[in-house]
Amino acid sequence: DAHTFSAVDPLLGGDEALRRLTAAAHARGIRVLGDFTSNHTGVTHEWFEAARRDRKAPERDFYYFDADGDGYAAWLGVRSLPKLNHASPLLRQRLFDDPQGVVRKWLGPDGDLDGWRVDVANMSGRYQGEDRYHEVARSMRAASVAARPDALVVAEHCHDVSTDLTGDGWHGVMNYMGFTRPVWTWLADPADPPEFLGQPVPVPHLGGGAVAETMRDFTSRIAWSLLTTSFNLVGSHDTSRIRSLVGADPRLVEVAAGLLFTMPGIPMVTYGDEVGMRGSFGEDGRRPMPWAQAGGGPQWDEGLRTAYARLARLRRESVALRRGGLRWVYAGDNVLVYLR
């Protein structure tokens, strides 16, 4: 719901706060990705307001307005999120090509970000019969790398990415299809199966053999380099929390974390998962981090926190886990064995 792409909201401290954040993170060896959507803006964005004020404004072509001039396309019909039209050369210039455009500006001195996570990436550039998705992905990556050669661009994509992840666009995706869904089918509480991102049927409960086969099938469809630069996740701000997902047996959270840190890909941990935060659906899982309990307390599972820290350390210290190949050894209903 972006009001502007040219400044950080004063509510969050403004541009200077972002620069302080990235400087402090970099001093600790931490990289920072910005979150950006190439699919839409908010209705209060200056581009959309200019387009509505004047039908001859250049920003008019940035959006999909109806022939009568009043209606417009919006993300999933949400009227506060008008959809961007990437057929506009001027839009592409302001987003990607201009050195002071949205993507490059914040990877430079203005923000010193290290890359982007792209929201609603799978819908970007797609509307009715029009498909400029791959053009958007290539432009976003090219602009990012031009501004920062080691930039990372990871796209949100909740579906089959095998034809969308071509190697010249996003570096990787949030790997819901090849990791999250298979892990959920194995570890989710069969007595209370969750739904997946609004789908009309609950997640099925499958044995380890089917899970391994699903993962193998998926990894065979994309390049290894793309798999290893994708985010593996057992949940996100849009889904159930892993602690709620597994039900009565909290040990299964450690199983999920073990897969997260030892499978090929970038482990993505949503804040609070490492201390057992709960949430049975997306909005429920967006609770504030329980900082009041920092250092221990009834809301923190210290054993789980220790397990996450141990796995993170193991991955950081192991070249095989960070860069090695994968070979499946055995899969039973309740057992998965693989070599890195």
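**View 1. Lining of the largest cavity in the predicted model.** Asn175, Gly178, Phe179, Met215, Phe218, Thr219, Leu227, Asn232, Met263, Pro264 and Leu326 line the largest cavity (a cavity is a set of points on a 1 Å grid over the protein atoms alone where a 1.4 Å probe fits but cannot get out, and lining residues have an atom within 4 Å of a point). The model is predicted, with local features requiring pLDDT of at least 70 and side-chain atom pairs pLDDT 80 or more, while totals for chains, interfaces and linings use all residues. Residues are numbered from 1 along each chain as its sequence is written, and side-chain values use heavy atoms, without hydrogens and water. The cavity holds about 70 Å³ of space (the volume filled by probe spheres set on the points, which are joined across faces, edges and corners). The search of the whole structure finds one cavity of 30 Å³ or more.

**View 2. Helices at the cavity lining.** H7 gives the most, with three residues.

**View 3. Packing of H6 and H10.** H6 and helix H10 (residues 251–262) pack at about 155 degrees, with axes 11 Å apart (axes are lines fitted to C-alpha atoms over the stretch in contact; angles run from 0 to 180 degrees between N-to-C directions). H6 is therefore roughly antiparallel to H10 (angles over 145 degrees).

**View 4. The E9–E10 hairpin.** Strands E9 (residues 327–332) and E10 (residues 335–339) pair in the antiparallel sense over five bridges (pairing requires at least two DSSP bridges). Two residues lie between the strands of this hairpin, and Tyr330 stands opposite Val337 in E10.

Notes:
Helix = DSSP H or I, 4+ residues; strand = E, 2+ residues; numbered from the N terminus. 1 Å grid on protein atoms, 1.4 Å probe; cavity = no way out; pocket = protein on both sides within 12 Å on 5 of 7 lines; lining within 4 Å. Parallel < 35°, antiparallel > 145°, perpendicular 65-115°, else oblique.
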